[in-house]
Amino acid sequence: MKKVYLFVLAAFVSLVSADAQIVRSTDNPQYLPTPEYTYDGGDDEQKVFGMIRAGVGTSWLCGDNIDHLGSQIAYGIDLGFGARIGSKGFYWGAEFGFNSRGWSNDTRNNYKLMAHNIKLTFTQFGWKIKFGESNWAIDPHFGAFISYDFAGKGKWETHGHKGSLSLSDDDTWNKFDAGINVGGGIWYKKFNLDVTYTRGFMEAIEKGDVTSASLLVRLGFAF
């Protein structure tokens, strides 16, 4: 999983480097200057902006007596928008996308479950804080979400025999969830590297007294 995070970080650095190279090339008269994009709440910032983010991470279960449980790889692809509040960089927004959650149990039949869901972050508040006069900014944000698992499968292996169960046939897994997102990111102009922690509040497994959580590292672009 460390290799995945390093890959996402390297991709973000590559995007920033490529953009910086394009800006330097504007010294050539055949290019027109690229408009500067700022985050200081000034009059030149878009009052409504769009965002697309995608990334990978891990998902797991939270609760008592889960020391023997493991995590499962997770992903997220989200399209959202934001609207500025006032002139200090505060904004309100929402996101809609496809995500996953799951868990594993390596000590019992090597069980693994991954559920694919549609997720709506119906309200999200953030604050883009610019570093002086530079093109860099940080973006702490907080929001609430609801989700529904529309597909997925649990897999296991016992004495060399493999088995699986579709999520639609699993009556013990709660396909609905609701909870909070807490995260933060770094912006360079319109490019974004974001880390978001998601915590569900609804019981994930019937009578299991556990909830689901995930941590995603995402690359983003504002438009």
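## Ala222 in strand β11

In this predicted model, in which local features need pLDDT of at least 70, side-chain atom pairs count only at pLDDT 80 or more and totals for chains, interfaces and linings use all residues, A222 is found in strand β11, strands being DSSP runs of E with at least two residues, numbered from the N terminus. Residues are numbered from 1 along each chain as its sequence is written, and side-chain values use heavy atoms, with hydrogens and water left out.

A222 counts as buried because its relative accessibility is 1%, where buried means under 20% relative accessible area, exposed over 50% and partly exposed in between (1.4 Å probe, protein chains only). Although A222 and G82 are 140 residues apart along the chain, their C-alpha atoms are separated by 9.7 Å.

Side chains of opposite charge can pair when their charged atoms come close. A search of the whole structure finds 7 salt bridges, each defined as a side-chain nitrogen of Lys or Arg within 4 Å of a carboxyl oxygen of Asp or Glu. One of them joins R53 to D139, with the closest N and O atoms 3.5 Å apart. This pair links distant parts of the chain, since R53 lies in strand β1 (residues 48-63) and D139 in the loop between β6 (136-138) and β7 (141-158), 86 residues apart; both R53 and D139 are buried.

D177 and R101 also meet through their side chains in a salt bridge, at 3.5 Å from N to O. Here strand β9 (residues 176-188), which holds D177, is linked to strand β3 (residues 90-105), which holds R101, the two residues being 76 apart in the chain. D177 is buried, with a relative accessible area of 3%, and R101 counts as buried at 5% relative accessibility.

Another salt bridge is formed by the side chains of D194 and R218 (3.0 Å, N to O). Because D194 lies in strand β10 and R218 in strand β11, the pair ties together parts that are 24 residues apart in sequence, and both D194 and R218 are buried. A network of salt bridges links R53, D78, E95, D139, D194 and R218.

## A negative surface patch

D64, D169, D171, E203, E206 and D209 form a negative surface patch, a term that covers residues with over 30% relative accessible area and no salt bridge, like charges being joined within 9 Å. Among these residues, D209 lies in the loop between β10 (191-200) and β11 (210-222), and D209 is exposed, with a relative accessible area of 53%.

Notes:
Patch = residues over 30% accessible without salt bridge, like charges linked within 9 Å, V, L, I, M, F, W, Y side chains within 5 Å. Areas by Shrake-Rupley, 256 points an atom, 1.4 Å probe, with all protein chains shown as cover. Lys, Arg positive; Asp, Glu negative; His and termini not counted. Charge placed at Lys NZ, Arg CZ, Asp CG, Glu CD. Helix = DSSP H or I, 4+ residues; strand = E, 2+ residues; numbered from the N terminus.
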